[in-house]
Amino acid sequence: LRSRKMYKFPLEHARLIRIPIYSALMVISILCFGWTLEKRVSLAAPLIFHFIIGFTATALMGIAQTILVDLSPTKAAGATACNNLFRCIMGAWAIGINDYVFNYFGAGFGFMIYLSLCVVATPFYIYEWFRGQQVRENRLRKLFPELIESIDEHDRRKNMMNQSKKQDIENKNNEELKDDKNDKSTEEEVLDKPEDKTLSDN
């Protein structure tokens with residue numbers, strides 16, 4: 001762990017927050033890229049969409065690489081190697097079937113088939129967003145039980161100290177309010193006494 005509270009930091013939200021934007025841009029660009037090739041429009045259109053695809057794909061791979069390293073702090077090299085291996089296998093598989101897919105379905109529908117992989121992968125992103133932190137904390141508790149226990153104990157003591165300080169501040173404020181009320185009541189009594197005296201004299 002790089003810091004005492006690293007395991008409680010919301011890494012999943014910090015890393016995956018831009019995934020929907022890049023994914024939406026990549027899906028739209030791939031769809032447009034395939035149909036511009038299918039309709040044989042000007043070469044400028046596929047090149048523009050190809051640029052957007054390259055940018056978003058690189059961004060998504062960088063995010064995936066970063067979060068894998070964060071989730072495996074003791075095995076960063078292994079996580080990087082697994083990511084590269086999976087990426088190369090998928091690329092080789094896609095290149096191997098490209099000709100068959102495009103000859104049978106055409107470029108437009110062929111790229112739509114590839115886009116279905118993004119739809120299939122969406123539940124994994126949703127699960128990581130909502131449950132990733134809990135799973136990561138449980139895994140770190142198993143890997144570093146003593147360290148995590150010491151951090152939790154430190155947090156409990158800190159919370160108790162904060163609560164006691166807050167209670168002391170509230171008590172002090174209440175005492176000040178009581179003193180102010182007593183002072184006001186004393187001033188009112190002092191102001192009322194001369195009036196009573198003059199009334200009795202009359």
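This is a predicted model: local features need pLDDT of at least 70, side-chain atom pairs count only at pLDDT 80 or more; totals for chains, interfaces and linings use all residues.
## Buried charges and helix packing

Glu-12 counts as buried, since its relative accessibility is 1% and the limit for a buried residue is under 20%.

Glu-12 is located in helix α1. Its partner is Arg-136, with which Glu-12 forms a salt bridge whose closest N and O atoms are 2.9 Å apart. Because Arg-136 belongs to helix α4 (residues 76-143) whereas Glu-12 belongs to helix α1 (residues 11-16), this pair ties together parts of the chain that are 124 residues apart in sequence. The two side chains are also joined by a polar contact of 2.9 Å. Arg-136 is buried as well, with a relative accessibility of 2%. When neighbours within four places in sequence are set aside, the surroundings of Glu-12 consist of Ile-17, Ile-67, Leu-71, Glu-128, Trp-129, Gly-132, Gln-133 and Arg-136, with each of which Glu-12 is in contact.

How many salt bridges does a search of the whole structure find? The search finds 2. Side chains of opposite charge can pair when their charged atoms come close. Besides the pair already described, Asp-70 forms a salt bridge with Arg-15, and here the closest N and O atoms are 2.7 Å apart. Asp-70 lies in helix α3 (residues 44-71) and Arg-15 in helix α1, so this second pair ties together parts that are 55 residues apart in sequence. Asp-70 is buried, with a relative accessible area of 11%, whereas Arg-15 is partly exposed at 31% relative accessibility.

The accessibility of these residues, and of two others discussed further below, is set out here.

| Residue | Relative accessible area | Class |
|---|---|---|
| Glu-12 | 1% | buried |
| Arg-136 | 2% | buried |
| Asp-70 | 11% | buried |
| Asn-83 | 15% | buried |
| Trp-35 | 27% | partly exposed |
| Arg-15 | 31% | partly exposed |

Helix α3, which holds Asp-70, also packs against helix α2 (residues 19-39), the axes of α2 and α3 coming within 8 Å and crossing at roughly 150 degrees. Since angles over 145 degrees count as roughly antiparallel, α2 and α3 are therefore roughly antiparallel to each other. The crossing of these two helices is left-handed. On the α2 side the contact is made by Ile-19, Tyr-22, Ser-23, Leu-25, Met-26, Ser-29, Ile-30, Cys-32, Phe-33, Thr-36 and Leu-37, and on the α3 side the residues include Ala-45, Pro-46, Phe-49, His-50, Ile-52, Ile-53, Phe-55 and Thr-56, as well as Ala-57, Ala-59, Leu-60 and Ile-63.

Trp-35 is likewise found in helix α2, and with a relative accessible area of 27% this tryptophan is partly exposed. The C-alpha atoms of Trp-35 and Pro-46, two residues 11 apart along the chain, are separated by 9.0 Å. Which residues does Trp-35 touch, not counting those up to four places away in sequence? They are Gly-108, Phe-109 and Met-112.

Asn-83 lies in helix α4, the helix that also contains Arg-136. With a relative accessible area of 15%, Asn-83 is buried. Once residues up to four places away in sequence are left out of the count, Asn-83 touches Gln-65 and Leu-68.

Note on methods. Residues are numbered from 1 along each chain as its sequence is written. Side-chain values use heavy atoms; hydrogens and water are left out. A salt bridge is a side-chain nitrogen of Lys or Arg within 4 Å of a carboxyl oxygen of Asp or Glu. Helices (H or I, at least four residues) and strands (E, at least two) are DSSP runs, numbered from the N terminus. Buried means under 20% relative accessible area, exposed over 50%, partly exposed in between (1.4 Å probe, protein chains only). A polar contact is a pair of N or O atoms within 3.5 Å; within protein, one must be able to donate a hydrogen and the other to accept it, and residues adjacent in sequence count only if both atoms are side-chain atoms. Contact means heavy atoms within 4.5 Å. Axes are lines fitted to C-alpha atoms, for helices over the stretch in contact, and angles run from 0 to 180 degrees between N-to-C directions. Angles under 35 degrees count as roughly parallel, over 145 as roughly antiparallel, 65 to 115 as roughly perpendicular and the rest as oblique. A crossing is left-handed if the near helix is turned anticlockwise from the far one by less than a right angle, and right-handed if clockwise.
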